[in-house]
Amino acid sequence: MFAAATMIQLTNVSKSYGDSGAVQALHNLSMTVEQGERVAVMGPSGSGKSTLLNLICGLDEPTSGSIKLEGIELAALDDDRRTRLRREKLGMIFQTFNLLPTLTALENAALPLRLQGLRRRETDQRAMAMLERVGLKVRAHHRPDELSGGERQRVAIARALVFHPPILLGDEPTGNLDSATGEEILRLLDDLHREYNNTVLLVTHNDLAAAFCDRILTLRDGQFVKEVRTGRTGTAPAGER
Amino acid sequence: MFGALWLITFKQWRAHRLRVALTTLGIALGVAVFFAIRTGNTTLLDSLRATVEKLAGKATLQITAGESGFSEKVLDTVRATPGVQLAEPVIETMVQTSFPDEGTLLILGVDTTGDQQLRDYQFDRTQTQIADPLVFLAQPDSILLSRAFADRHGLKVGDKFPLFASDGKKEFTVQGTFKPVGVGEVFGGNVAVMDVYSAQVVFHRGRKFDRIDLMNAPAVPVEVVQQRLRAQLPAGVEVDRPEVRGQALENAVTAMRVGILITSFVALLVGVYIIFNSFTIAVNQRWKEIGILRAVGVEQGNVSRMFLCEALLMGVIGSLVGIAGGFLLASAANRVMRGMVAAVYGVVSTAAPARLHLDQCAIAFALGVAASVIGAWYPARGAACLDPALALHNIEARHRESVLGWRRMGGGLLLMAAGSALVVWTPSRLGLLIQFLFASIVLLGLTIVLPKLVLWSARALRPIMNWAGGSEGALAVDAMIQTPRRSSATVGALMVGLMFVFSTASYIQSYRQMIDRWMNQVLNADIFVATSAMLRSSSYHFTEDLGRKIAALPGVSRVENVRFTAIPYRGDTAAVIAIEMDGFLTRSQNAIEGADSRTVYDKLTRGEGVLVSRNFALRWGVGVGNQLSLESPTGTLERPILGFLDDYRSEKGTIFMDRALYKKYWGDDAVDFIDVDLNPGVDQLAMKSEVQRLTAGSFHAFVYTNAEFKRWISSLVDQFFTLNYMQLVVAVMIAILGIVNTLLISVSERRREIGIVRAIGGLRSQIRKLVLLEAVAVAVVGVIVGSVAGILNTMFMSHTVSVVLAGYSVPFYFPWEFVLLSVPVVTAVSLAAGWWPARNAACMQVIEAIGYE
């Protein structure tokens, strides 16, 4: 029986590339992430971390196996429904921020709401509130090229959380930042998690970022080889307080 | 180093095949249109020259006196002139055949005894029953046909067939055929030969010839003979080498040729914008690559050269493809031009296949390559100046395009103002080339300020697009706001296309209105009878007898015979309309300006003065009161100019005189139009049927009611602009190609952005909408700036081009309703152009797009 609190469930997921499946990126992977839980997936380059994230957010499809988000089987959805699921349930943070260079911080943050068809006034109000929450209200009308790396990632976080998604996915969220800024971002994510109690799945190389999570899964050659519980529930990484 | 850079270029081309193909196609289309028009033009001129040369045979000099001909006494004078070895009279006329779809037949009336020494007639001896066919031709109904014409209609020696002569339908007897060489090649073989004296009778020439072809004695230089003849003959009788006559024909159609040539440059100009656009985007696309090249030690000059060499190669390929395509189009262009020349100028030329002229190829090739390199120059410079440190940063680190500062904006505006002032206030006699330079200054200024115009227009459009298109609308316009330079290249291509569409539409509309006004003032007869479906026929005319027959019909109150011809004037030609002034003045009193009407009317009716068209006055710098000196075959006619009137039948200018005066000096009583006034209450259509019954089977006559005649003239105006319409379609097609190109490249360039939008929840349909809305934004901004450019170009066309080419200015009128109408049309076209790029964008793989480097 599927537990109501299970937010992400992967069952025997495999993903291979190439005409005859020559490259096996993921092999019979299974995992469950509960509501409010923070999970880090670590592993060396080429271990399949990004593939895993792409599959969970519905940007890619598994070769076999099942992926469910809040009990919804992704394979049963067409592209549009997967996209809608993404914009209603998944917030995403990228290593390279992936902000739109032509939009201001406010417009970038408001974009998911605007794509949902909300009115401009409402989207701006909510985006501004979120920018204020991440400490960037004063930079709301600046464009990405006028912001520092940390500020850009804050905008990305605001964009990811502006519609209060139940699940937050992060792909190396501190990978492009210096360590001090990285810590700042993790502290912010920690605060926001406390506030929104959303489910977080981070893919990272960074021990500090992994330590921010409740559970660390180590991925190697497309398989989980290790699972560690950090024992931190709702606490920020050690050494930063 | 260049090998390495070529490798990079090669890889880029492979990666962006579609962009390269579309860009090259843009140049190819521009060159194709240019080359087709040039080749069509050259083919037409070659054909005119070849026709004159073939008809001239071995003649070294030709004696003519306009279209009216001259007295046969001139022949005696010529033959008696020392140094003239041989002089042969000629009557040359185009007559209508009664064969369906055959059109006209050129009849050469020649002296049956001496002409074979001048012209090569290769008779078919087996079919020609006489030893010397030309001697046999002394029988008045005898005719020799080209074998091609005879074969086409199954005519054999002894057969009879009808032709429309001036005074009605006549039967002719085939006495032989000649081979399709020399004279037999002219007009595709639609040529026949008969005795010159028979031709005088049949074609109502009186005791006149159209031409004398002569050969000088070998010992006497042709120039000497020419001088001697000029000294002896009246000034109205011209003595020229055959090639000069060919040149005169070319001059007659100059306005049309130049007008067409101007528009053929449009396609090339749009091609420049497409190249500019493509390379601006390529530089943006290869931002990081350029940074890496600079970082590893490639100098600025080599980066620039890499892009210029790419442009050069695209220019070479595009030009070669364009020349090949243009050659295929040339025959069609030539056909249209021949039709126009025949319809509007009455000059008939031989259909000839387009020939590849190496000089034309070289010009088109050079222009295509130059357009390509010019278009790429600025982006290449931008690439070379790229800051490598910035170029190596991530997408967000890119600085927004710097839009031109106020100083350059001011410079652009200044150029526009200066160019416009020069166009408006300098005299037209400076010549078209100089005037074009002024117009180019305006266009250059406009191009400089274009990014700013695009920026302002896009900003103004943003709230509307945001309101109408949601976030996708705003994002679409943002793309323009953030990249006004890149966008301005696309908008520029569209602008140039639309500029010519709007200004040509404006010009044609203004011209039509002007013609309508003129027709209502001048063309007041109830019925018009014409000799040709063209504006006029230079060789087929009615006699006054037909006018008398029509006048005798019950219900006809008055008939006026009109002669519409061309005479030599100050080394060029002028049109003459010889009309019965009494009736003309009664019907067209309001059309005349310049003097006291009563006195003028009396003098004109008595033949004591002439009227001239406004463009004649402007072209030759004459005014009311000036003495006009015209050389006729019987001597110099001097009369004062008594007034002006508008007349648009000839761009060379028109002289109006009383018919009796014309007949006296030119000895020509031919009739080209018969204006018929009806008694009150007589139905025009019923009378038209009466006149048609009268002329049917006897005369090749075209009978129109007043409304039909005006509609017919309007259709001639349309025919005159046919090629312009076609070229505009091509210019717009190239502009559309520009839009497709830009959007495809824009999608490619914004791959990552689109990927991000998809990743955070943007639906495929939203991405499609975003790209399509960008196309709409480009279209709307294009229409806005195209209107600005269109107004400026209309000013140039109506004020300058028209005056230089035709001698009259066309009233400025800008078709705002047409511009408004164009918004949905251009938007629809842009949406169609954006469909493929939008589909591409929507189908993009998000993961690859986000990871795109």
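Which residues does A:Ala158 touch, not counting residues up to four places away in sequence? The legends below take up this and other views of the predicted model.

**View 1. Surroundings of A:Ala158 in chain A.** Once residues up to four places away in sequence are left out, A:Ala158 touches A:Ala109, A:Ala127, A:Met130, A:Leu131, A:Val134 and A:Leu136. Three residues of this view, A:Ala158 itself together with A:Ala109 and A:Leu131, are listed among those with the most contacts inside the largest nonpolar core. Of the contacts in chain A between residues at least 6 apart in sequence, 70% join residues at least 24 apart.

**View 2. The side of chain A that touches chain B.** In this view, 27 residues of chain A are in contact with 25 residues of chain B. Helix H2 (79–89), helix H3 (105–115) and helix H5 (149–161) of chain A each supply at least two residues of the side that touches chain B, and the largest share, five residues, comes from H2(A). Sorted by class, this side of chain A has 11 nonpolar, 10 charged and six polar residues.

**View 3. The largest nonpolar core.** This core has 316 residues, and those with the most contacts inside it include B:Val529, B:Ala777 and B:Val781 from chain B, as well as A:Ala109, A:Leu131 and A:Ala158 from chain A. The element that gives the most to the core is H26(B), with 24 residues.

**View 4. The kinked helix H26 of chain B.** Helix H26 spans residues 764–806 of chain B and has a kink of about 35 degrees, centred on B:Met797. Because 37 of its 43 residues are buried, H26(B) is largely enclosed by the rest of the structure. The residue that follows the helix is B:Gly807, whose phi is positive, near 85 degrees.

**View 5. B:Gly322 within helix H11 of chain B.** Helix H11 covers residues 300–345 of chain B, and B:Gly322 is found in it. With 32 other C-beta atoms within 10 Å, where 20 or more are required, B:Gly322 is buried. Leaving aside neighbours within four places in sequence, B:Gly322 is in contact with B:Ile27, B:Ala28, B:Leu29, B:Gly30, B:Val31, B:Ala32 and B:Phe35, and also with B:Ala364 and B:Gly368. Although B:Gly322 and B:Gly26 are 296 residues apart in sequence, their C-alpha atoms are 9.3 Å apart in space.

Key:
Residues numbered from 1 in each chain as written. Chains lettered and ligands numbered in written order. Predicted model: local features only at pLDDT ≥ 70, side-chain atom pairs only at ≥ 80, totals over all residues. Contact = placed C-beta atoms within 7 Å. Bend = angle between axes of the 7 residues up to and from the residue. Helix = DSSP H or I, 4+ residues; strand = E, 2+ residues; numbered from the N terminus. Buried ≥ 20, exposed ≤ 12 C-beta atoms within 10 Å, placed from the backbone. Nonpolar A, V, L, I, M, F, W, Y, C, P; charged D, E, K, R; others polar. Core = buried A, V, L, I, M, F, W, Y, C linked by C-beta atoms within 7 Å.
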